[in-house]
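This briefing covers one protein chain, shown below. It starts with model confidence and then goes through the fold, the disulfide, the core and the strands.

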Amino acid sequence: LTCLSTWLDNVFASVEDLAICHHHQGRVTGYDLMKTDDLSKMCHPTFEPQAVLGYAGRLLHFLDAHCTADRSTYWLRRDPHSDVLQLFDVSPMLDHASTDEEAMGEGRSTTTGGSTALTLLPEE
């Protein structure tokens, strides 16, 4: 993921080139200058930049459409074995934290914020 993370950092910052420092046993053995666009081919596993950008665009659109409440806190999660992202509005839990603590002490049930989901599948 370091390779993908580096690529994303460079793309977001509009950095066209990147320098790679090679070392062996703590000694620098050389440098390579490469295009950010070529980094995806050197990653293991490789990735398709357009697919990553497509996922990112769909995710941002999803968040823009569903994170609409002012002064709210959201939690985005994905089960490691699933293609589904779940978005939870946790503001109700935070707003009622003291009430919930009292309710738990008294054995009453508490509720959590609502959720919505996005399935991350390749575009067809």
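Over residues 103-113, pLDDT stays under 50, and the model has eleven contacts beyond four places in sequence for them. pLDDT is the predictor's confidence in each residue, from 0 to 100, and contact means heavy atoms within 4.5 Å. This is a predicted model, in which local features need pLDDT of at least 70, side-chain atom pairs count only at pLDDT 80 or more, and totals for chains, interfaces and linings use all residues. Residues are numbered from 1 along each chain as its sequence is written, and side-chain values use heavy atoms, with hydrogens and water left out.

**Confidence**

- The average pLDDT of the protein chain is 82, and 77% of the residues score at least 70.
- Confidence is highest in strand β2 (residues 27-35), with a mean of 94, and lowest in helix α5 (residues 97-106), with a mean of 50.

**Overall fold**

- Five helices and five strands are found in the protein chain; helices (H or I, at least four residues) and strands (E, at least two) are DSSP runs, numbered from the N terminus.
- Along the sequence, their order is α-β-β-α-α-β-β-α-α-β.
- Of the contacts in the protein chain with a separation of 6 or more, 41% are between residues 24 or more positions apart.
- Of the chain's 124 residues, 19% count as buried, where buried means under 20% relative accessible area, exposed over 50%, and partly exposed in between (1.4 Å probe, protein chains only).

**Disulfide and other cysteines**

- A disulfide is counted when a pair of cysteine sulfur atoms lies within 2.5 Å, and by this rule there is one disulfide.
- The disulfide is formed by Cys3 and Cys43, with their sulfur atoms 1.7 Å apart.
- This pair links distant parts of the chain, with Cys3 in helix α1 and Cys43 in the loop between α2 and α3, 40 residues apart.
- The disulfide of Cys3 and Cys43 is left-handed because the torsion about its S-S bond is about -70°.
- Cys3 has a relative accessible area of 22%, so Cys3 is partly exposed; Cys43, at 3%, counts as buried.
- Cys43 touches Cys3 and Leu4, when residues up to four places away in sequence are not counted.
- Cys21 counts as partly exposed at 38% relative accessibility, and Cys67 counts as partly exposed at 29%.

**Trp7, the aromatic pair and the core**

- The whole structure holds two aromatic pairs; rings of Phe, Tyr and Trp (its six-membered ring) pair if their centres lie within 6.5 Å, with planes under 30 degrees apart counted as stacked, over 60 as edge-to-face and the rest as tilted.
- One of them is the edge-to-face pair of Trp7 and Phe47, at 5.2 Å centre to centre and 65° between the planes.
- The pair links distant parts of the chain: Trp7 lies in helix α1 (residues 2-12) and Phe47 in the loop between α2 (39-42) and α3 (49-66), 40 residues apart.
- Trp7 has a relative accessible area of 2%, so Trp7 is buried; Phe47 is buried as well.
- Apart from neighbours within four places in sequence, Trp7 is in contact with Thr36, Leu39, Phe47, Pro49, Val52 and Leu53.
- Trp7 and Asp37 lie 8.0 Å apart in space, C-alpha to C-alpha, and 30 residues apart in sequence.
- The largest nonpolar core has seven residues: Trp7, Leu18, Met34, Leu39, Cys43, Phe47 and Val52.
- A nonpolar core is a set of buried Ala, Val, Leu, Ile, Met, Phe, Trp, Tyr and Cys residues joined through side-chain atoms within 4.5 Å.

**Asn10**

- Asn10 is in helix α1, and Asn10 is buried because its relative accessible area is 11%.
- Beyond four places in sequence, Asn10 touches Val15, Asp17, Leu18 and Thr36.

**Strand pairs**

- Strand β1 (residues 17-24) runs antiparallel to β2 and is joined to β2 by eight bridges; two strands pair if DSSP finds at least two bridges between them.
- Opposite Leu18 stands Met34 in β2.
- The hairpin of β1 and β2 has two residues between the strands, and Gln25 there takes a positive phi near 50°.
- Strands β3 (residues 74-78) and β4 (residues 84-89) pair in the antiparallel sense over five bridges, and a hairpin joins β3 to β4 through five residues.
- Arg77 has Gln86 in β4 as its bridge partner.
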